[in-house]
Amino acid sequence: MRIAIVSTPEEIARLAADRIEEVYRSKPDFVLGLATGSSPICLYDELVRRYEAGEISFAKVRSYNLDEYVGLPKDHFEGYMNFIRRHLVGRVDMPEGAAHGPDGWCEDLDEGARLYDEAIKAEGGIDIQVLGIGSDGHIGFNEPGGSLTSRTHVGVLTEQTRRDNARFFDGDIDAVPTHCVTQGIGTIMDSKAHVFMATGKGKARAVKEMIEGGVSQRWPATALQYHDDVLVLLDEDAASELELKDFYKEVWEKERA
Ligand code: F6R
């Protein structure tokens, strides 16, 4: 992992956008994996800014979301495809039909999940995946206890995740779906590169486990320790429990010097 600990969300957004732009420069028709939630919003705003400035184009990009709730009406404001349209794909030059997400509405959700995984493979895989992390260590919606080689599947959300996400549902945990369809850890690990973003004290324990803990199903994000292209972008609060924080800062500065 390459680890950057910086002071502002704006700096995280800039570094994340730089990494995505790097992929775009070498492959303008790249496949982009997208996360929802609050962490990547500043990145999406920065990508839109660069698009408007003529620095990046999404005209040849296909995007694949990490996950989707099961049980929300398709037009629900907090549905993840709607989130992605609102924050990124509806604001750039991505053609209609180029943005994809797991199907949380089909009759056979397992089959829908399998087809989603196949669709990603048929693209030749995701070139760069945007990731956030749940306070319980999930990436995508891969909650603790799930297989570290899973493919896209239907999952159950922990109470912790539903409590965390209640802020998007007027604070009402009962309004947060109990189920989801998510790319599996195996699917995520197939992505050629990752840009990971976390801010705030609430993520500090999960970030510590992800970087310095033993690889285990208890903290699903630890699987990323086996990926050789992960850019981890943290603010001081999210990095606050890291034992080797000063060393990571030194490495980052020396590598960029
Ligand atoms: C969202 C996703 C989740 C979030 C995580 C953090 O598509 O896959 O893993 O990245 O729940 O959410 P925020 O950024 O809202 O704290």
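The model is predicted, so local features need pLDDT of at least 70 and side-chain atom pairs count only at pLDDT 80 or more, while totals for chains, interfaces and linings use all residues. Residues are numbered from 1 along each chain as its sequence is written, and side-chain values use heavy atoms, with hydrogens and water left out.

D237 forms a salt bridge with K201, in which the closest N and O atoms are 3.8 Å apart. A salt bridge is a side-chain nitrogen of Lys or Arg within 4 Å of a carboxyl oxygen of Asp or Glu. This pair links distant parts of the chain, 36 residues apart: D237 lies in the loop between β10 (230–235) and α8 (245–256), and K201 in the loop between β9 (194–198) and α7 (204–212). Helices (H or I, at least four residues) and strands (E, at least two) are DSSP runs, numbered from the N terminus. K201 counts as exposed, with 55% relative accessibility.

By the salt-bridge rule, the count comes to 23. One of them joins R205 to E209, with 3.0 Å between the closest N and O atoms. R205 and E209 are four residues apart in helix α7, so about one helical turn separates them. R205 is partly exposed at 42% relative accessibility, whereas E209 is buried at 15%. Elsewhere, salt bridges that share partners join D18, E21, R25, E46, R49 and R50 into one network.

Helix α4 (residues 109–122) consists of 14 residues and reaches 20 Å from its first C-alpha to its last, close to the 20 Å expected at 1.5 Å a residue; the expected span is 1.5 Å times one less than the number of residues. Its buried residues are G112, A113, Y116, D117 and I120. These cover an arc of only 140 degrees around the axis and therefore lie on the same side of α4, the arc being that of the directions from the helix axis to the C-beta atoms. On the other side of α4, D110 and A122 are exposed. The buried residues of α4 pack against strands β3 (62–65), β5 (99–100), β7 (153–156) and β8 (179–182), and against helix α6 (185–190). G124, which follows α4, has a positive phi, near 90 degrees.

The largest nonpolar core holds 60 residues, of which I20, L32, Y44, F196 and L234 touch the most other members. A nonpolar core is a set of buried Ala, Val, Leu, Ile, Met, Phe, Trp, Tyr and Cys residues joined through side-chain atoms within 4.5 Å. Helix α1 (residues 9–26) gives the most to this core, with seven residues. Not counting residues up to four places away in sequence, Y44 touches L34, A35, F83, I84, H87, L88 and V130, contact meaning heavy atoms within 4.5 Å.

Key
Buried means under 20% relative accessible area, exposed over 50%, partly exposed in between (1.4 Å probe, protein chains only).
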